[in-house]
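We will go from stop to stop, picking a few side chains each time.

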Amino acid sequence: MNLSSFGALPFLWMGWSFFYPYFGFCEGAPFKQEDGITSNAERQSCWEIEEFTVQQECTRCDDYTKKTESECTFSGFVEKINCNHSGRVEYRSCRSATEEELKFWKFEGSMLSFGTVFAILVLFRQHTLDRRAEYKVLQQIEAI
């Protein structure tokens, strides 16, 4: 067995895994504050850096809000957050539990439908192949 039968992929993987720690792709660089740029804590929403209470549960955004508010563009749902320390009121994107449940049951229903259709197709194909095999056996018996 020669090395060319394995292809180049294992050697590329070995080379990558050997040099990977030296590249530092997954290491986060510290945030550098430059002139005119706010700090990282000021860029974050208050609910990311402090405790908060939910004032309004996850609700659907209307069509206008989906286009204008950045929080609504991600999931189409938004909840109202009140930050405890700063007292700021902000909105954040969220996922509706009822919408997620509805998507789940739609997926389950479609998978059940596809499974049923393909099971019927498999049974039909198996029946067809059994008839062909039986016909060939009958032809061989008649030839004797």
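The tour covers disulfides, salt bridges and a surface patch.

Before you start, note that this is a predicted model: local features need pLDDT of at least 70, side-chain atom pairs count only at pLDDT 80 or more, and totals for chains, interfaces and linings use all residues. Residues are numbered from 1 along each chain as its sequence is written, and side-chain values use heavy atoms, with hydrogens and water left out.

**Stop 1: the disulfides**

Searching the whole structure gives 2 disulfides (pairs of cysteine sulfur atoms within 2.5 Å). Select Cys58 and Cys94 to see a disulfide with its sulfur atoms 2.0 Å apart. Cys58 sits in strand 1 (residues 52–60) and Cys94 in the loop between strand 3 (89–93) and helix 6 (97–143), so to speak distant parts of the chain, 36 residues apart. Helices (H or I, at least four residues) and strands (E, at least two) are DSSP runs, numbered from the N terminus. The S-S torsion here is about 100°, so this disulfide is right-handed. Cys58 is partly exposed at 23% relative accessible area, while Cys94 is buried at 10%; buried means under 20%, exposed over 50% and partly exposed in between, with a 1.4 Å probe and protein chains only.

Next, select Cys61 and Cys72, joined by a disulfide with an S to S distance of 2.1 Å. Cys61 is in the loop between strand 1 and helix 4 (63–68), and Cys72 is in helix 5 (residues 70–75), 11 residues apart. The torsion about this S-S bond is about -70°, so the disulfide is left-handed. Both Cys61 and Cys72 are buried.

**Stop 2: the salt bridges**

How many salt bridges are there? The count is 3, taking a side-chain nitrogen of Lys or Arg within 4 Å of a carboxyl oxygen of Asp or Glu.

- Select Arg60 and Glu99: their side chains meet at 2.7 Å, N to O. Arg60 lies in strand 1 and Glu99 in helix 6, so the pair ties together parts 39 residues apart in sequence.
- Select Arg92 and Glu79: the closest N and O atoms are 2.6 Å apart. Arg92 is in strand 3 and Glu79 in strand 2 (residues 77–83).
- Select Arg88 and Glu90: the closest N and O atoms are 2.6 Å apart. Arg88 is partly exposed at 39%, whereas Glu90 is buried at 16%.

**Stop 3: the nonpolar patch**

Finally, select Phe107, Met111, Phe114, Val117, Phe118 and Leu121, a nonpolar surface patch with about 610 Å² of accessible area together. Val117, in helix 6, is partly exposed at 46%.

- Patches take residues with over 30% relative accessible area and no salt bridge, joining like charges within 9 Å and nonpolar side chains (Val, Leu, Ile, Met, Phe, Trp, Tyr) within 5 Å.
- Accessible areas come from the Shrake-Rupley method with a 1.4 Å probe; for residues, only the protein chains shown count as cover.
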